[in-house]
Amino acid sequence: MKYTFLGHPVAMPSYVPPATAWLRHGPFAMWLVKASRPRRIVELGSHYGFSYFAFCQAVLEAGITTECFSIDTWQGDDHAGIYGEDVYQAVQQENFAYKSFSKLIRKTFKNALEDIEDGSVDLLHIDGRHSYEDVKEDFESWQPKLSDQAVVLFHDTMVKERDFGVWKLWSEIEGTRPSFNFSHQNGLGVLFWGSDILEGLKPFISLLEVEAGHRLIVDAFECSAGLLVDGASDQTKTTGPSTIRSRGSTNSEWIERLKKELQQARSKPARLILQKLQYHAAHLASSVTATLSPRNSDRLSKSASKRDT
């Protein structure tokens, strides 16, 4: 079965390495790239490269002009463990398929700042050392590199053990911009940093304006991730779904119907759930105003003024 969410494909990355804590975020990573069409992607901390090559695969499949940079020492750390040269060799081998637009930078995050121009990064994924002090330093030191359209991803927002502190930083910044946090697979925070929201992400932002939309995002990507991961043993790709069009009804009526169907979701076959979620997401995004709410508009205008001063 093939899926879409807000008009863009949801698929499982074809590359699945020996170890990753990112597996069930793969479909969202590919969707995000295809929806936002970023000009430059930077990942801080790649390990075996599952998330990074999900981005690269999406770039290739979408046929977009995007530069991708993976930054890591490929030596490991206290949280990921220390690993050998074989990990970097595996990443090099996988990167060969994307060499025309992908570059591996074997440096510390701080030293790699000189390799990336200010204001050029549309999608930044931070997944290095996970203590509060480290992730805060990574985020703050890379802020000048972010564009006016930037989206920032933070992995492990739900982990509160072994001195992990991403959750703490996330609690401090999630209210400063439009944001969303997936709770599954250790958590993935999505921060819409730039004041100029990319056109392909506006329907997603619209869904965040209502409670039912927020729930739809969670259920759609958790459900699709489960189905796609379960069916990924042959490492085949699932892309190219048909477009779902919405039908007329009042927004309040649809929200009430959504609530009832979501309450029943746990007792229904997963494929049927996903079909309904896709349809309702398309309808709700079209019925909610495409402009940002006053609350989110105020957040973005404040962020822009702070950045410009």
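Q: In this predicted model, what makes the charged end of Lys168 count as sitting over the ring of Tyr132?
A: The charged end of Lys168 lies 4.5 Å from the centre of the Tyr132 ring. The distance cut-off is 6 Å, with a further condition on the angle to the ring normal. The value of 4.5 Å is within 6 Å, and the charge is listed as over the ring, so the label holds.

Q: Where does the charged end of Lys160 sit?
A: The charged end of Lys160 sits over the ring of Trp167, at 4.8 Å from the ring centre.

Q: Why is the pair of Phe154 and Trp170 called tilted?
A: The ring centres are 5.8 Å apart and the planes make an angle of 55°.

Q: Why is the pair of Phe180 and Phe204 called edge-to-face?
A: The planes of Phe180 and Phe204 stand at 80°, with the centres 6.0 Å apart. Since edge-to-face requires over 60 degrees, the 80° angle gives that label.

Q: What makes this pair a tie between parts of the chain?
A: Phe180 is in strand E10 (residues 179-182) and Phe204 is in helix H6 (residues 202-208), so the pair joins parts 24 residues apart in sequence. Both residues, Phe180 and Phe204, are buried. They also belong to one aromatic cluster, along with Phe5, Phe28, Trp31, Phe182, Phe192 and Phe221.

Q: Which residues have the most contacts inside the largest nonpolar core?
A: They are Phe5, Phe28, Trp31, Leu153 and Phe204, in a core of 52 residues. Helix H2 (residues 50-62) gives the most to this core, namely eight residues. Leaving aside residues up to four places away in sequence, Phe28 touches Leu153, Phe182, Leu188, Val190, Phe204 and Phe221.

Q: How do you know how confident the predictor is in the chain?
A: The mean pLDDT of the protein chain is 78, and 69% of its residues reach 70 or more. Residues 232-251 have a pLDDT below 50, although the stretch has 43 contacts in the model beyond near neighbours in sequence.

Methods
Residues are numbered from 1 along each chain as its sequence is written. This is a predicted model: local features need pLDDT of at least 70, side-chain atom pairs count only at pLDDT 80 or more; totals for chains, interfaces and linings use all residues. Side-chain values use heavy atoms; hydrogens and water are left out. pLDDT is the predictor's confidence in each residue, from 0 to 100. Contact means heavy atoms within 4.5 Å. Rings of Phe, Tyr and Trp (its six-membered ring) pair if their centres lie within 6.5 Å; planes under 30 degrees apart count as stacked, over 60 as edge-to-face and the rest as tilted. Helices (H or I, at least four residues) and strands (E, at least two) are DSSP runs, numbered from the N terminus. Buried means under 20% relative accessible area, exposed over 50%, partly exposed in between (1.4 Å probe, protein chains only). A charge sits over a ring if NZ of Lys or CZ of Arg is within 6 Å of the ring centre and within 35 degrees of the ring normal. A nonpolar core is a set of buried Ala, Val, Leu, Ile, Met, Phe, Trp, Tyr and Cys residues joined through side-chain atoms within 4.5 Å.
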